[in-house]
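The following note is intended for a colleague who is new to this structure. Its points move from the overall fold to individual side chains.

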Amino acid sequence: MTGLQWLTAAMPLLSVFILLVLLRMPARRAMPLSLLICAVLAYLVWQMPAVQLAAAVVEGLVIAATILWIVFGAVLLLNVLRQTGAIDAIKAGFSTISADKRVQLIIIAWLFGSFLEGAAGFGTPAAIAAPLLVALGFSPLAAVVLALIADSSAVSFGAVGTPVLVGIAQGVPDIAADEVLQVALTAISIDILVASWLPLLMVVMLTRFFSEQKSWRDGLAIAPFALLSGLAFTVPAYLVALLLGPEFPSVLGALLGLAVICAAARYRVLLPAKPWLFASPLPDTLPGEESIAQQPAQSGLLSKPAMPLWQAWLPYGLVAALLVVSRVPDLPLKQSLQQLAWQWPAIFGTELSVAVSPLYLPGTLFVLVAVVSCFLLQGSAGMLLASCRQSGRMLLPSAIALAGAVPMVRIFLQSEVNTAGLPAMPIALATAAADYLADSWLWIAPFVGALGSFIAGSATFSNLMFGSFQQAMAIEASLPLTLVLALQMLGANAGNMICVVNVVAAASVVNLQGREGDIIRYTLWPMLFYCIAASSVAWVLLQ
């Protein structure tokens, strides 16, 4: 490969890093520009046919539309809860568990987010956890950064085990079912020693970077509780994987963790005597929105009695229940929702195709629950319409950013069709790493997994794309296959923290468009920690 071909293969990574992170360009400008640069180079240098380029762009636009639908549904649900006063009840309810913002972060982002990842995956946790954190007084930037960091370990078994059952099982040639399970068990075993530290990392970042006190000490003061919270998820997840398989470790591990940590927080187990609060609480609004107190008096909120806590949490309970029952393969609801599907096979005569099952999308479930909840919580049609208008106004900058980011990703992934005899761009990059770094592959394997998630926005696709490559490298480097594939899985988890599609979507739900580069600057270091720590544990295991 020539130098220009190397530059072309790396351009999706370089353009995101330079435009978003270094130049701090908002994603609504950076991503269309990145798409243009990558498309021109793919056509002129990688020699992708124009029809393949066009098909990849169309495929990306359809995928971007499904992501926007998830964002709209999540924001609509939150706005309905605000309009009806349910958010006020949820905030008051946390004071009965713990007023400590560090504890609230762990419960919402780490444990509740892990449950949502296990049930649905595909951007759902950050779409719900980030705006809920904002409603509890966190700054939008803190909410997005910390929700993205939290949505990592649970990704191994996200969407009812899809990264394992589809990503590893179908991405690695001739791998046996018992080997797939062993890969999953190896990954979660390493996570007990690595991901269990993430809650502590999150609270330290909260108190150091996202509070007026700017204190490391305030975060470290809760270290015993944070470590307990990490283990309260990873240890049950390991036991569930061992006893039941890869479908439910994240779902059941998070539920068990929630039960343990909520009880520990209520009785102040391992917590400092004084709760940690923000010095000056933020309003319960997203940037640019009206606060509930500023809304017209005819909404009737001021005259309503306090809402029971169970009623306020009922919409989130409905979302969680629907996500679980609609994702379990053995239940009939999944097949029923997937029956209605829109398909575009052989786009423009290429091998590319795209299919969407609108009823199966998490966004549809969010919208359904939002509509039902408006009336369950004694809202009105006017409140629902106001919430729809408010949510819709937030989507335009996100639509522009995603319409640039996702097609760029699809061009990168579909570039194996070319007249230059070159492999797909991500495979070319990974092969180059293999040529020079095979002797150090134990330290490189997680970063290959992170590369896949960073570009594709999906740990499942990262495992599919690089599973066979990691298998070949394990043989080349004389490393245990299950260990290398486990590092691939963990790297794919870490890549979710910095994935441009996830960052844009999470920023959208808190109306933080234009700060995507700032978000990646914060999440980059936890991603590096996750990958390096996973390799370090693997190195120790081989000694």
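1. Helices (H or I, at least four residues) and strands (E, at least two) are DSSP runs, numbered from the N terminus. The model is a predicted one, in which local features need pLDDT of at least 70 and side-chain atom pairs count only at pLDDT 80 or more, while totals for chains, interfaces and linings use all residues. Residues are numbered from 1 along each chain as its sequence is written, and side-chain values use heavy atoms, with hydrogens and water left out.

2. The confidence of the prediction comes next. pLDDT, the predictor's confidence in each residue from 0 to 100, averages 88 over the chain, and 95% of the residues score at least 70. Residues 286-303 stay under 50. For that stretch the model has 29 contacts (heavy atoms within 4.5 Å) beyond four places in sequence.

3. The chain contains 24 helices and 2 strands. Its radius of gyration, taken over C-alpha atoms, is 23 Å, close to the 24 Å that the globule rule (2.2 Å times the number of residues to the power 0.38) gives for 543 residues, so the chain is as compact as a globular protein of that length. The C-alpha trace spans about 70 × 50 × 50 Å along its principal axes. Of the contacts between residues at least 6 apart in sequence, 80% join residues at least 24 apart.

4. Burial is described by relative accessible area: under 20% is buried, over 50% exposed, and partly exposed lies in between (1.4 Å probe, protein chains only). By this criterion, 61% of the 543 residues are buried.

5. How many aromatic pairs does a search of the whole structure find? There are 14, where rings of Phe, Tyr and Trp (its six-membered ring) pair if their centres lie within 6.5 Å, and planes under 30 degrees apart count as stacked, over 60 as edge-to-face and the rest as tilted. One of these pairs, W69 with F72, is stacked, at 5.7 Å centre to centre and 15° between the planes. W69 and F72 are separated by about one helical turn because they are 3 residues apart in helix 3 (residues 50-84). W69 is partly exposed at 31% relative accessibility, whereas F72, at 14%, is buried.

6. W110 and F233 make an edge-to-face pair, with 5.6 Å centre to centre and 80° between the planes. This pair links distant parts of the chain, since W110 belongs to helix 5 (residues 101-119) and F233 to helix 12 (residues 223-244), 123 residues apart. Both residues are buried. Elsewhere, ring pairs link F94, F112, W313 and Y316 into a cluster.

7. Which residues does N493 touch, leaving aside those up to four places away in sequence? They are D151, S152, S153, V155, S156, D191 and Y530. N493 is found in helix 22 (residues 481-495) and counts as buried because its relative accessibility is 1%.

8. K214 has a phi near 50°, a positive value in a residue other than glycine. K214 sits in the loop between helix 10 (198-209) and helix 11 (216-220) and is partly exposed at 45% relative accessibility. A346 also has a positive phi, near 50°. A346 lies in the loop between strand 1 (342-344) and strand 2 (354-356), and its relative accessible area of 41% makes A346 partly exposed.
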